[in-house]
Amino acid sequence: MQEIRPDVAIIGAGTAGLAAYRAVKAAGKTAVLIEGYAHGTTCARVGCMPSKLLIAAAEAAHEARHAAPFGVQVDGVTVDGRAVMERVRRERDRFVGFVVRGVDDIPATDKLSGIARFVDNTTLQVGDDIRVRAGRIVLATGSSPVVPPPFRAAGDRLIINDDVFSWDTLPGRVAVFGPGVIGLELGQALSRLGVKVRLFGMSGSVGPLSDPAIRDHVTTLFQQEFYLDPAATVGEIRRDGDEIVIPYVNLAGEQVEERFDYLLAATGRAPNVRGLGLENTGLALDARGVPLFDPATLQCGDAPIFIAGDANNVLPLLHEAADEGRLAGENAAAWPSLSALRRRSTIAVVFSDPQLAMVGQRHAELDPERIVVGEVDFADQGRSRVMLKNRGLMHVYADRDSGRFLGAEWAGPRAENIAHLLAWSHQQSLTIEQMLAMPFYHPVVEEGLRTALRDAAAKLAAIRS
């Protein structure tokens, strides 16, 4: 039995794990990075990057089909499914290659391949032949898709988002369950590429939105393009040959039954903690089997164990995983001296069309009696109309006493860019008045944001008068 004694052992070589490793090494400590599966990070291999490649192809097809209002005639638009998926896989592999090359640059003595399992708080068994006795441990094992049991009736026609990016070509019919970020992005993209899509939800939610007015507006917009029922009534799913049969009540209230080539489960993700032997650590675990931890220091109980990234499921976003990984590595290196994580302002974007975004505090987190809401409808926003991207509704939230900007939820053109402006404003605790004192060029989509801010400012002024 080979025995290794690093200062810090890091389980998982994704975004959080790599950030933790770099932090430990920067602190002058020894580290070993343990990975039991393929290198490449969730984002690069099966997440944000390949999905954007599929979305880019879908946007190209959509724009070509809708060029006529500009006076541009494009006839006979066809989608070559094999060519689409070949580019998705080729570019995906390129992005993964960047990450893998970074891992390859890590000294071989600092890497282990194999499944790690806790023997006790600071001892890991890796495979059959290696025992790691570390001073501290960072748990950065990521997350995996959750598949509800009724979906398993679809057999090998049940897929998760990971599987989409392995397709050789596009299928004809896909039922997507879960209108969250993944379901909306993939569902709309597949629909625009000519796939018949039905997108079903159960709870009524759409994307990350909690503002009822924005959610309802967005639902209507999407329903004009493809089938979406955020609160669907679905019967027993069954398999018939190579087809999946799904009975459901449609938006008109009719009982119907349709056949699909695939059922795509986009129904959330769960931390990868099963099989790690966490029961051997003595740590208190929550209902999901995740160790109870301090969200400020990322320490699990009073043990020298730290949890970062999607494994703790606080904010499962790449930039948050990188921040958490860095802090987990720093705290593991400095333990028992600990620092607290200064979180950045929350920012979330859905790369649908229109894009959805959320910054700062969500509507559901705010007291409606303590805020004013500034609004803009992008239907008549100048630059948006020029581009024929004039769809969407924005709400900005401000504290009615101080005028401080608290957050925003919206759908609209170029939301990914506006979201950064708002996140920077939120992190600096700016007031609506201070935000309006910033420059706005003309004509730009950001003038729509100014309209919403002016609306909030007028409501604040009315309260004070």
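**Helix packing and aromatic contacts in the predicted model**

The axes of helix 3 (residues 48-65) and helix 4 (residues 81-104) cross at roughly 150° and come within 9 Å of each other. This structure is a predicted model. The crossing in which helix 3 passes helix 4 is right-handed. On the side of helix 3, the contact is formed by Met49, Pro50, Leu53, Leu54 and Ala57; helix 4 contributes Val84, Met85, Arg87, Val88, Glu91, Arg92 and Phe95. By class, the residues of this contact comprise 9 nonpolar and 3 charged, with no polar residue.

The contact of helix 1 with helix 8 divides into 9 nonpolar, 3 polar and 2 charged residues.

Aromatic side chains were examined next. A pair of aromatic rings is described by the distance of the centres and the angle of the planes. The structure contains 7 aromatic pairs. One of them joins phenylalanine 222 and phenylalanine 226 in a tilted arrangement, with 5.8 Å from centre to centre and 40° between the planes. Phenylalanine 222 has a relative accessible area of 1% and is therefore buried, the limit for this class being under 20%. Phenylalanine 226, at 5% relative accessibility, likewise counts as buried.

Tyrosine 227 and tyrosine 248 form an edge-to-face pair, with the centres 5.8 Å apart and 65° between the planes. This pair links distant parts of the chain, since tyrosine 227 belongs to strand 13 (residues 227-229) and tyrosine 248 to strand 16 (residues 243-249), 21 residues apart. The relative accessible area of tyrosine 227 is 15%, so this residue is buried; tyrosine 248, with 3%, is buried as well. Both tyrosines also belong to a cluster in which ring pairs link Phe151, Phe177, Phe200, Tyr227 and Tyr248.

Charged side chains are also placed over aromatic rings. Arginine 157 lies over the face of tyrosine 262, at a distance of 5.0 Å from the ring centre. In the case of lysine 196, the charged end sits over the ring of phenylalanine 260, 5.4 Å from its centre.

Technical notes
Residues numbered from 1 in each chain as written. Predicted model: local features only at pLDDT ≥ 70, side-chain atom pairs only at ≥ 80, totals over all residues. Heavy atoms only, no water. Axes fitted to C-alpha atoms, helices over the stretch in contact; angles between N-to-C directions. Helix = DSSP H or I, 4+ residues; strand = E, 2+ residues; numbered from the N terminus. Left-handed = near helix turned anticlockwise from the far one by under 90°. Contact = heavy atoms within 4.5 Å. Nonpolar A, V, L, I, M, F, W, Y, C, P; charged D, E, K, R; others polar. Phe/Tyr/Trp six-rings, centres within 6.5 Å; stacked < 30°, edge-to-face > 60°. Buried < 20%, exposed > 50% of the residue type's maximum accessible area, 1.4 Å probe, protein only. Lys NZ or Arg CZ within 6 Å of the ring centre and 35° of its normal.
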